[in-house]
Amino acid sequence: MLVKPEEVGLSSARLERITDHLRRYIDAGKLSGTLTLVARRGKIAYFEPLGHLEVERRRPVTLDSIFRIYSMTKPIASVGLMMLWEDGRLHLDDPVHKFIPSWRDQRVFVGGNHPTWKTTPVERPMTVRDLLSHTSGLTYGFMERTNVDAAYRKLGVGDRTRRGYTARDLVEELAALPLEFSPGTRWNYSVSTDVIGHLIEVVSGQRLDAYLREHVLQPLGMSDTSFVVTDAQTSRVAANYQRLAEDRLKVIDDPATSVYRDCAFYWGGGGLVSTAPDYLRFASMMLNKGELDGIRLLGRKTVELMTTNHLPDGQDLTNLALPGMFTETAYGGVGFGLGFSVVQRRPPAQIAGTLGEFAWGGPAGTAFWIDPGEQMIVVFMTQIMQMGLPAPYPLRRELRTLTYSAVIE
């Protein structure tokens, strides 16, 4: 329901600054298009499409446009696993090797290169909670930081373009590789949530896409959220762009020939496409402590558990993450829960926010955050891959400033 911003304590004039700011990016050719949604007290106060789904074909962004949400898949998959936890099907302190026997004797990198490693035994087994909180010791190949992530790239670990590749293939490849650190001792963004997707399949007996559709997406009415783009949806899908030097754009995934037209690897860490209205429904369920429109997915205490900092000794990402962390959440006072970053200290350094706010985003520029204190949700959609460049556009940081400065009561 779209209302006048003042009805929910926001300033219309100040929200229009979002339009002006993002239009400057688009007019300069730095972005193809954007879609921004700001909701407060259960009502949408700002919902603005700008620019185009494709610069080349000039298809305008619309309210129901479809975007690759990449790592905004992670909170959805994490909710799926926690629903199984609520059913008593697994425990957070269960060792992961209970479900993946080949992971029983994991080791930690000391030196060497694939396939000749120098390693040491883990201090303790990796647990389910380590996967949910990214303290597992796993990594991503695109980090380009260590000999371990180089092995991920060499082997194509987690590469959804590999024909016939599945989550089971992923976990068996990982069984032969060392961890970056002993579980529970550091934080590192990683394929952990892809492993969560595999655990969902093992524990539930359903393929990940079917499980999430039945237990999360359909109950919430998220009809445009899936791992595969259908023929009927193609006209609403944004092109994905790579940001090049001098702020030029290059199409890297055309909707007509997209890799999302088919799927074998149901990628729990980043495989979904979605719309802003769909993601608002997911975020609203979390803001409402697990319930939306009379449908309860999680208990209140489970949501509280998920949105509490789980990093050792209450540390934050600035002092626990491995060097070279790329994410924009590396600010003082931001910890990590079970599937979400969590603002745990006031004030978080140099960004607007509220104690208890939880959030995440994707590498193509998409982002969301949920602020229980202000009863506010922001969902931002665009499609520009910026990894590998020294200074990504600070879109999330700027959007926080613009939205929070519109709060007038």
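Helix 1 is followed by glycine 29, whose phi is positive, near 75 degrees. Helices (H or I, at least four residues) and strands (E, at least two) are DSSP runs, numbered from the N terminus. The model is predicted, so local features need pLDDT of at least 70 and side-chain atom pairs count only at pLDDT 80 or more, while totals for chains, interfaces and linings use all residues. Residues are numbered from 1 along each chain as its sequence is written, and side-chain values use heavy atoms, with hydrogens and water left out.

Helix 1 itself covers residues 12-27. Its 16 residues should span 22 Å at 1.5 Å a residue, and the end C-alpha atoms are 23 Å apart, which agrees; the expected span is 1.5 Å times one less than the number of residues. Leu15, Ile18, Thr19, His21, Leu22, Tyr25 and Ile26 of helix 1 are buried, where buried means under 20% relative accessible area, exposed over 50%, and partly exposed in between, with a 1.4 Å probe and protein chains only. An α-helix has 3.6 residues a turn, so residues three or four places apart point the same way. Ala13, Arg24 and Asp27 are exposed on the other side of helix 1. The cover over the buried residues of helix 1 includes strand 1, strand 2, strand 16 and helix 11, with contact meaning heavy atoms within 4.5 Å.

The strands in that cover lead to the sheet. An open sheet of eight strands has the order 3-2-1-16-15-14-13-12, with antiparallel pairing; two strands pair if DSSP finds at least two bridges between them. Strand 3 (59-60) and strand 12 (334-336) stand at the edges with a single partner strand each, so one side of each has no neighbour in the sheet.

Helix 11 (residues 395-404) lies across strand 1, strand 14, strand 15 and strand 16, at about 40 degrees to strand 15.

Strand 14 (residues 358-361) has Phe358 and Trp360 pointing one way and Ala359 and Gly361 the other, and all are buried. Strand 13 (residues 341-343) runs antiparallel to strand 14 and is joined to it by two bridges, with serine 341 opposite alanine 359. Four bridges join strand 14 to strand 15 (residues 367-371), also antiparallel, and here glycine 361 stands opposite alanine 367. The hairpin of strand 14 and strand 15 has five residues between the strands, and in it glycine 365 takes a positive phi near 95 degrees.

Arginine 40 lies in strand 1 and counts as buried, at 3% relative accessibility. Its C-alpha atom is separated by 6.4 Å from that of isoleucine 377, which is 337 residues away along the chain.

The salt bridges come next. A salt bridge is a side-chain nitrogen of Lys or Arg within 4 Å of a carboxyl oxygen of Asp or Glu, and by this rule the count comes to 20. Arginine 57 forms one with aspartate 254, the closest N and O atoms being 3.3 Å apart. Arginine 57 lies in the loop between strand 2 and strand 3 and aspartate 254 in the loop between strand 8 (249-253) and strand 9 (273-274), so the pair ties together parts 197 residues apart in sequence. Glutamate 357 and arginine 400 meet in another salt bridge (2.5 Å, N to O). This pair links the loop between strand 13 and strand 14, which holds glutamate 357, to helix 11, which holds arginine 400, 43 residues apart. Glutamate 357 counts as buried at 2% relative accessibility, and arginine 400 is buried too, at 12%. Salt bridges that share partners also join Glu54, Arg57, Arg59 and Asp254 into one network.

Notes:
Axes are lines fitted to C-alpha atoms, for helices over the stretch in contact, and angles run from 0 to 180 degrees between N-to-C directions.
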